[in-house]
Structure formats: structure tokens, C-alpha cells
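Here is a brief report on a single chain. Keep the sequence and the 3D view open while reading.

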Amino acid sequence: MFKKELLFWNVDTQFDFMNKEGKLYVPGSEEILPLLKRITDFAKEVDIQVVNSADHHFSDAKELSDTPDFISTFPPHCMANTIGADYVVEVQPENPSILEWSKLYSNMEIELMARSRNLIVYKDVFDVFEGNPNTLSLVNILAPKKVFVYGVTTNVCVDCAVCGLAKQGIQVFVIDDAIKELPNIPLPYEKWDSLGVNRIKFAEIEKYI
């Protein structure tokens, strides 16, 4: 069974963000793809459970705009049932249980899904806690003591996940060589420091698990 009280949290490592042909390409994000594969492989080898968040938008999503400011609104991206919403191959979750954002699950349903090593949490806004009504229940059921966060983007969706987890009293570690930011948006490091968030390199991970 999975390592108890320990969780990896993979944020939005999807085609539209991480491929130069994507609808909202994060500059330089392809540079972390080899490390994302190492993290994914390590989680499988050591039997660590992974929560994988994913933007999963429909045309009426409030963050989408044809005239985006690239701070609070963005062009259409990660649209449901398109290649852009798919995970990059380096992190592809194996046999995941999926929590849709458009459905409210019972605790019993979430407990059953939580037996999967890979979980996908779809969301329709930046913040995985706001964008899926089941996220907090899932976190409470998994009850991790430590969560290791990685993915994109540092200053939007990664930040939301990190802060949301830290505010639940969980010890949060950001694998900071496995994240990448969008330009023109302030970086969240001071805020993370104030919340007691730890930033580590993946090469150090065995010291913390």
C-alpha cells in the first residue's frame, strides 16, 4: 500500500501549457519535462500516491477571454475533450480515479477513489480548492502530513495549490527545479515563506520522505 501520510501533487502538466504548440505555452516549461518523468517514475517505484490536478474548461469558464490580460484572464486553453487538456507523456497518470469538478461526490465515493495510486482532480478555475468542490474532502480523506508539489505554473495554479494545502496545516514541499512560471505575474516565494512552505530540489527528496 502507498506510503502513508505522504503525497505527491502534480499541478497542470498539460499539453497546452508545456508544449510550444499549446494554447497557453509556458516559456521554458519543456526544460523540466525530463525531471517530471523522473518524479513520476520515482513515485511509481516507491509507491507514492499522486494527486494530479488539471484544467478542464468549457467555453463559459470565467478565466477565459478573447481579450485576455494574461494575469486574471487567459485565452481558451485546456478545453475539455481536446489534446490541449491531456497530460504530457512524461507524467501520464496510470489507471487514475477522476474527480470531476461538475459533480459533488459523497465521502464514500471519494474514499473508494482514494484507493487508486493516481487521482485526477479536474478544475475550472486556477485554484484546485475553488475549482473542484471535492478537493478539500479528498485532502481530508487522504490526510497527508507531507505533500510535495510540482508542475505549472509557479505563480498561478501551483501557488493556489501550495497555499491551499499549507492552510490545512500540512507540511508542504515545493520541488522548485520542477516548476515553471508565467511572465508578468509576481512570484509567490515571500508568501510561501510566510506559510512555512519548504523549497527543495528533487535530488534531495529522499531526505524528506
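In what order do the strands of the open sheet lie, and with what pairing? The model is predicted. Its open sheet has seven strands, in the order β3-β4-β2-β1-β5-β6-β7. The pairing is parallel. Two strands sit at the edges: β3 (97–99) and β7 (198–200), each pairing on one side only. From one strand to the next, the twist averages 25°.

Three bridges join β6 (residues 171–180) to β7, in the parallel sense.

Helix α6 (residues 157–166) lies across β1, β2, β4, β5 (146–152) and β6. Against β5, helix α6 runs at about 170°.

**The core.** Which residues have the most contacts inside the largest nonpolar core? They are F8, W9, L138, V149 and L165, in a core of 67 residues. Helix α6 gives the most to this core, with seven residues. Take W9 as a case. Leaving aside residues up to four places away in sequence, W9 touches V51, S53, V128, T135, V139, V147, F148, V149, Y150, A161 and L165.

**Cysteines.** How many disulfides does the structure hold? The count is zero. A disulfide is a covalent bond between the sulfur atoms of two cysteines. Here, a pair counts when the sulfur atoms are within 2.5 Å. Two cysteines show why the distances rule out a bond.

| Cysteine | Closest cysteine sulfur | Sulfur distance |
|---|---|---|
| C78 | in C157 | 8.7 Å, too far for a bond |
| C160 | in C157 | 6.0 Å, too far for a bond |

C78 is also buried, with a relative accessible area of 0%.

Is E21 buried or exposed? E21 is exposed, because its relative accessible area is 65%, and the cut-off for exposed is over 50%. E21 lies in the loop between α1 (15–18) and α2 (33–46). How far apart are E21 and I205? In sequence, they are 184 residues apart. In space, they are 32 Å apart, C-alpha to C-alpha.

Terms used. Residues are numbered from 1 along each chain as its sequence is written. This is a predicted model: local features need pLDDT of at least 70, side-chain atom pairs count only at pLDDT 80 or more; totals for chains, interfaces and linings use all residues. Side-chain values use heavy atoms; hydrogens and water are left out. Two strands pair if DSSP finds at least two bridges between them. Helices (H or I, at least four residues) and strands (E, at least two) are DSSP runs, numbered from the N terminus. Axes are lines fitted to C-alpha atoms, for helices over the stretch in contact, and angles run from 0 to 180 degrees between N-to-C directions. Contact means heavy atoms within 4.5 Å. Buried means under 20% relative accessible area, exposed over 50%, partly exposed in between (1.4 Å probe, protein chains only). A nonpolar core is a set of buried Ala, Val, Leu, Ile, Met, Phe, Trp, Tyr and Cys residues joined through side-chain atoms within 4.5 Å.
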